[in-house]
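Colleague: Could you take me through this one? I have a few quick questions.

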Amino acid sequence: MKNLNYLICILLGLGITLSSCNQSQKTNGALASSAAEKVYVAPGEQDEFYAFLSGGYSGNLTVYGLPSGRMFKEIPVFSQFPTSGYGYSEETKPMLNTSFGFIPWDDLHHPDISQTNGELDGRWIFVNGNNTPRIARVSLSTFETEEIIEVPNSAGNHSSSFITENTEYVVAGTRFSVPVPQRDMPINEYKGNFKGALSFISVAPDNGRLNLEFQVLMPGFNYDLSHPGRGKSHGWFFFTTYNTEEANSLLEVMASQNDKDFIAAVNWKKIEEYVKNGGGTKMPADYAHNVYDEETHTGTSTMIKEVVTVDPTKVPGALYFLPTPKSPHGCDVDPTGQYIIGNGKLSADLTVHSFDKMLAAIEGEKFDGEAYGIPILKFEEVLAGTVKSGGLGPLHTEFDGKGNAYTTFFISSEVVKWKVGSWEVIDRKPTYYSVGHLMIPGGNSRKPFGKYVVAMNKITKDRYLPTGPEMEHSAQIYDISGEKMELIYDFPTHGEPHYAAGCPADLLTANSKKIYRLDENKHEYATIGVDDARVERKGNEVHVYMSTIRSHFTPDNIEGIKVGDKVYFHITNHEQDFDVPHGFSIIGQGTSEILVMPGQTKTSLWEPKKVGVWPFYCTDFCSALHQEMQGYVRVSPANSNIDLSWSLGE
Ligand code: CUA
């Protein structure tokens, strides 16, 4: 075992941290049982916290309980999901529409829960699609994706999706700078010509609707991560940059030349005012805005043709650069809003900037030149302190609300606890292995719930039973209620979690949707009464108005369908009981089954290819007679004269 761990360390290039690897031996019995008590949620009991883990390349968001590490649900956002029919049903296909057409996948990164006065309010959770730049809003009442907006002039939507402290904006920053507008030009003319767009998307306070208000067109750096100011720094937003060298090739070398890159401090209130007063330039654009309506149970996609862009040099006092060593990755703001932490991933130290000192430096014009017209503040004038961490490869920092910060170190595979203000290291614990993000529920708000930290690791190796060449990524829960952190649990995640957001369970449970009311169902093809069930033909389109209730479909026998028809099964679930969905599937279905929630209508398209009598059935084990929940469709040749007919119990 020891040799195996040693080998793993070498494999990971972590020879320097053998001590951490050596600790991965099985814990002794006494410790294990006290840790077990801390994560044990007895059968029938419920967890104290929700945790929403990004699914990375799964395109989706997964919901877990803390401290149990039990997975409750996968919420489809950017990827088609046969489990519910998301992205396959006619109602949800529009949600995945973009200016590039139907894109049924993305790389989902950073969840952030809506806030009021800097505290979690549990209305929505926002996530970003990294690859085809999009921002999504997921309801924390229905746990369904309600809205997706594409982000134009952006690429690798990575410094996203973080919200301001009253959910005024969800902010999205481009990782890659690109030509704006996109055009055919030589790649090696990047420097000085490409732009990095920072997008401010407003969130309507009543229904959460998104609107891209403006984009700040920044110099052609890479904008890596971001966080809002809060409390005293509310009104500002901070973005880490790398590749301030503006290299366009071999970035691992070329973008690591400068000793310092920047944290960009954006006074968004100033820019908002500038835009409200008619500032900015309207630019042609082409991006999709997709909205799912809960009453019609239907998504619509609209293409938007214009965006307001802002040249930051035209708005005095709106933008400053804070020099930050060394290719900073995470950009985190403490609960008071005073400290901005840059996690320089090529450094052992963390750089902490002071918001007060930043304001004073701006006031006193303590500049160290400029970059593309944006003033660079003097490093010493804004520096609050340096955390001499002793670790390597700092990535992300979260806070416990008790004056402590926790930073992950990818290269040295550990979480380091340090004191905000004195910058002293208090504790360090190994992670297994190569930790990326970490999450404390509410850790990015004014009011964190500092009981647990979840570390999300990039490499799993020997932590679980092997499952072929790839293992699901591991997450680890540490109890942080004491002075020292205690590792209490490992659990597998799904996809690749890049960040997570958590909140106390009772913030969500009271508003959790149990059913959709049938009498409020405004779906165009709903079957509200059983007598409304019918089949209609319009040319080669056939619309089946079908209802379900335990344990039958109405109708369940249909004749008069022909090869070449497009048959739309509009299924309305008449149940008004919590947790009783019915499913629908039919042989040869070119999409997927659909799962229809109580009171909801969903549509599945079937294009019969063969003559015959074809069964359909309910895919969800809904009752003792679930196996009896089935029916037949008779498909006749294209030129057949069989009349359309339907029935139940005849
Ligand atoms: Cu309805 Cu099984």
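This is a predicted model: local features need pLDDT of at least 70, side-chain atom pairs count only at pLDDT 80 or more; totals for chains, interfaces and linings use all residues.

Colleague: Which residue is the bridge partner of Thr408 in β28?

Modeller: Thr408 has Val415 as its bridge partner there.

Colleague: How many residues sit between β27 and β28 in the hairpin?

Modeller: Four residues lie between those two strands. Ser413 is in the turn, with a positive phi of about 50 degrees.

Colleague: And how many bridges join β28 to β29?

Modeller: Five bridges, and β28 and β29 run antiparallel. These two also form a hairpin, with five residues between the strands. Gly421 in that hairpin takes a positive phi near 110 degrees.

Colleague: What stands opposite Glu414 in β29?

Modeller: Pro430 stands opposite Glu414.

Colleague: What is the strand order in the whole sheet?

Modeller: The order is β26-β27-β28-β29, four strands in an open sheet with antiparallel pairing. β26 (394–399) and β29 (425–430) are the edge strands, so to speak by definition, as each pairs on one side only. On average, neighbouring strands of the sheet are turned by 20 degrees against each other, direction ignored.

Colleague: Is β28 largely enclosed or open, and why?

Modeller: β28 is largely enclosed by the rest of the structure, because five of its six residues are buried.

Colleague: Change of topic. What volume does the largest pocket have?

Modeller: The volume of the largest pocket is about 1,200 Å³. It is lined by 39 residues, and the closest to its centre are Lys73, Thr142, Phe143, Ser512 and Phe578.

Colleague: Which elements give two or more residues to that lining?

Modeller: Those elements are β1 (49–54), β2 (61–66) and β3 (71–75). The largest share comes from β3, with four residues.

Colleague: What does the lining of the largest pocket have by class?

Modeller: It has 18 nonpolar residues, eleven polar ones and ten charged ones.

Colleague: Now Leu140. Where is Leu140 found?

Modeller: Leu140 is in the loop between β8 (134–139) and β9 (145–150).

Colleague: Is Leu140 buried or exposed?

Modeller: Leu140 is buried, and its relative accessible area is 2%. The cut-off for buried is under 20%.

Colleague: What separates the C-alpha atoms of Leu140 and Ile263?

Modeller: A distance of 32 Å separates those C-alpha atoms, and the two residues are 123 residues apart along the chain.

Colleague: Last topic, the whole chain. How many helices and strands does the secondary structure come to?

Modeller: The protein chain has eight helices and 45 strands. Its radius of gyration is 27 Å, close to the 26 Å from the globule rule for 650 residues, so the chain is as compact as a globular protein of that length.

Colleague: What box do the C-alpha atoms fill?

Modeller: Along the principal axes, the C-alpha atoms of the protein chain fill a box of roughly 85 × 65 × 45 Å.

Colleague: And what percentage of the residues in the protein chain is buried?

Modeller: Buried residues account for 60% of the 650 residues.

Key
Residues are numbered from 1 along each chain as its sequence is written. Side-chain values use heavy atoms; hydrogens and water are left out. Two strands pair if DSSP finds at least two bridges between them. Axes are lines fitted to C-alpha atoms, for helices over the stretch in contact, and angles run from 0 to 180 degrees between N-to-C directions. On a 1 Å grid over the protein atoms alone, a cavity is a set of points where a 1.4 Å probe fits but cannot get out, and a pocket is an open set with protein on both sides within 12 Å along at least five of seven lines; lining residues have an atom within 4 Å of a point. Grid points are joined across faces, edges and corners, and a volume is the space filled by probe spheres set on the points. Ala, Val, Leu, Ile, Met, Phe, Trp, Tyr, Cys and Pro count as nonpolar, Asp, Glu, Lys and Arg as charged, and the others, Gly among them, as polar. The radius of gyration is taken over C-alpha atoms; the globule rule is 2.2 Å times the number of residues to the power 0.38. Buried means under 20% relative accessible area, exposed over 50%, partly exposed in between (1.4 Å probe, protein chains only).
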